[in-house]
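These exercises ask you to read a protein structure step by step. Try each task before you turn to its solution.

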Amino acid sequence: MRIRDGVFSALWGCAVTAGAGFASAKAAELAGALGLDAEQITGTGRDGAVTIEDVRRAGPEPAPDDLGPAGRHLWDGITGEYQLRADEAAQLLAACRLADEAARMEAALDGADVVTTGSKGQIRPHPLVAELRAHRLAMGRLLSALGLVDPPLEGEGEIAGSVAGRKLARARWDRRAA
């Protein structure tokens, strides 16, 4: 138990932090559940106290209710690591919906033949194979447009710098070609 102004914080029902304010017990509990440090959250409550709403604003945006398991997994994985603007969240939502559709197509293809008989008796690929490929490509484009880059692994070079360097080099070469 920490002491604030000589009074035990248990009397006030709050967990005092080393920051400017303190977090209520429920706000500190929610912050811990979301993997956040309550001391790093700017409080808007009385005397700078961190409220539950402050923690919710600082935490990852919850997944929309209409997402399936694949879309929710993608949403949680990205919003847990990155802070997205509204336009980026809309792109991510579109990618998550594509992930759900792709998962449904994979389930439909599971156990089915990947080839089928065409209208004239010829053997051709199952139509869902092409649709699944198109969904994966579209999802990849949406996710790459977000510009999310994994941090480099130990022993690797700076990946983000390499991506930015390639973009700059392309821009230079495009100007020279014009």
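Helix axes are lines fitted to C-alpha atoms over the stretch in contact, and the angle between two axes runs from 0 to 180 degrees between N-to-C directions. The model shown here is predicted.

**Exercise 1. Overview**

Task: State how many helices and strands the protein has, and in what order they run.

Solution. 
Step 1. The protein has seven helices and six strands.
Step 2. Starting at the N terminus, the order of the elements is β-β-α-β-β-α-α-α-α-β-β-α-α.
Step 3. The protein has 178 residues, and 24% of them count as buried.
Step 4. Take the contacts in the protein with a separation of 6 or more: residues 24 or more positions apart account for 40% of these.

**Exercise 2. Two packed helices**

Task: Describe how helix α4 packs with helix α5, and which residues meet.

Solution. 
Step 1. Locate the helices: α4 covers residues 69-79 and α5 covers residues 86-109.
Step 2. Read the geometry. The two helices pack at an angle of about 145°, and their axes are 7 Å apart. The crossing of α4 past α5 is right-handed.
Step 3. List the residues. On the α4 side they are Pro-69, Ala-70, Gly-71, Leu-74, Trp-75, Ile-78 and Thr-79. On the α5 side they are Ala-89, Leu-92, Leu-93, Ala-95, Cys-96, Ala-99, Asp-100 and Ala-103.
Step 4. Sort them by class: the contact of α4 with α5 has twelve nonpolar, two polar and one charged residues.

**Exercise 3. Salt bridges**

Task: State how many salt bridges there are, and where the partners of the Arg-97 and Asp-66 pair lie.

Solution. 
Step 1. Side chains of opposite charge can pair when their charged atoms come close. With the 4 Å cut-off, the count is four salt bridges.
Step 2. Arg-97 and Asp-66 form one of them, with N and O 2.6 Å apart. The pair links distant parts of the chain: Arg-97 is in helix α5, Asp-66 is in the loop between α3 (52-58) and α4, and they are 31 residues apart.
Step 3. Check the exposure of both. Arg-97 is partly exposed at 37% relative accessible area, and Asp-66 is exposed at 51%.
Step 4. Glu-106 and Arg-136 also meet in a salt bridge, at 2.4 Å from N to O. This pair too links distant parts of the chain, with Glu-106 in helix α5 and Arg-136 in helix α6, 30 residues apart.
Step 5. Glu-106 is partly exposed at 37% relative accessible area, and Arg-136 is partly exposed at 45%.
Step 6. Salt bridges that share partners join Arg-85, Asp-87 and Glu-88 into one network. Glu-88 is buried, with a relative accessible area of 13%.

**Exercise 4. A histidine in α6**

Task: Decide whether His-135 is buried or exposed, and which residues it contacts.

Solution. 
Step 1. His-135 is in helix α6, residues 127-145.
Step 2. His-135 has a relative accessible area of 12%, so it is buried.
Step 3. Neighbours within four places in sequence aside, His-135 is in contact with Leu-98, Glu-101, Ala-102 and Met-105.

Technical notes. Residues are numbered from 1 along each chain as its sequence is written. This is a predicted model: local features need pLDDT of at least 70, side-chain atom pairs count only at pLDDT 80 or more; totals for chains, interfaces and linings use all residues. Side-chain values use heavy atoms; hydrogens and water are left out. Helices (H or I, at least four residues) and strands (E, at least two) are DSSP runs, numbered from the N terminus. A crossing is left-handed if the near helix is turned anticlockwise from the far one by less than a right angle, and right-handed if clockwise. Contact means heavy atoms within 4.5 Å. Ala, Val, Leu, Ile, Met, Phe, Trp, Tyr, Cys and Pro count as nonpolar, Asp, Glu, Lys and Arg as charged, and the others, Gly among them, as polar. Buried means under 20% relative accessible area, exposed over 50%, partly exposed in between (1.4 Å probe, protein chains only). A salt bridge is a side-chain nitrogen of Lys or Arg within 4 Å of a carboxyl oxygen of Asp or Glu.
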